[in-house]
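Hi everyone, thanks for having me. Have a look at the structure I brought along, and then I'll walk you through it.

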Amino acid sequence: MTLFVTEFRSVRNARAGLEPAASVPPVAEQTVATAAGSAQSTLFNVATDLVRVHALANCCISFGTNPTATVTNMRMAAGATEYFSVPLNGGLRVAVIASS
């Protein structure tokens, strides 16, 4: 099972707040692979405040400073893509585990 993780700086406007877009090119890109059990990404870049995750297979994900994903965490279906806002200055990771 592989989770693709793309880190972005979101497009911001001082008066309007967060715009519904990601600033390209990405800040960083990585994959998180697991055959069994939970696996973590590397720490997000300090410039990242928007994360795109794409799941190749059914899985569950969890965010945190040292997360462990379990089958009771947020579920993503195979082929799903989601965007998540994360705090600037790094320190967070995403963990993934395969699920049915």
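Let me begin with a word we'll need: a residue is buried if its relative accessible area is under 20%, exposed if over 50%, and partly exposed in between, using a 1.4 Å probe and protein chains only. By that cut-off, 37% of the 100 residues of the protein chain are buried.

A quick note on what you're seeing: this is a predicted model, where local features need pLDDT of at least 70, side-chain atom pairs count only at pLDDT 80 or more, and totals for chains, interfaces and linings use all residues. Residues are numbered from 1 along each chain as its sequence is written, and side-chain values use heavy atoms, with hydrogens and water left out.

So what is the chain built from? It has zero helices and eight strands. Here helices (H or I, at least four residues) and strands (E, at least two) are DSSP runs, numbered from the N terminus.

Now the overall shape. The C-alpha trace of the protein chain spans about 45 × 25 × 25 Å along its principal axes. The radius of gyration, taken over C-alpha atoms, can be checked against a globule rule of 2.2 Å times the number of residues to the power 0.38. For 100 residues a compact globule would have a value near 13 Å, and the protein chain has 13 Å, which agrees.

Next, the sheet. Two strands pair if DSSP finds at least two bridges between them. Four strands form an open sheet in the order E3-E8-E5-E6, with antiparallel pairing. Which strands are at the edges? They are E3 (39-40) and E6 (74-76), each pairing on one side only. Inside that order, E5 (residues 59-64) and E8 (residues 93-98) pair in the antiparallel sense over six bridges.

Let's move to strand E4 (residues 50-55). Why is E4 described as largely enclosed by the rest of the structure? Because five of its six residues are buried. E4 also pairs with strand E7 (residues 81-85), antiparallel, over five bridges. There, Arg52 has Tyr83 in E7 as its bridge partner.

Last stop: Thr2, in strand E1 (residues 2-13). Contact means heavy atoms within 4.5 Å. Leaving aside neighbours within four places in sequence, Thr2 is in contact with several residues, including Val32, His54 and Leu56. Thr72, 70 residues away in sequence, is 19 Å from Thr2, C-alpha to C-alpha.
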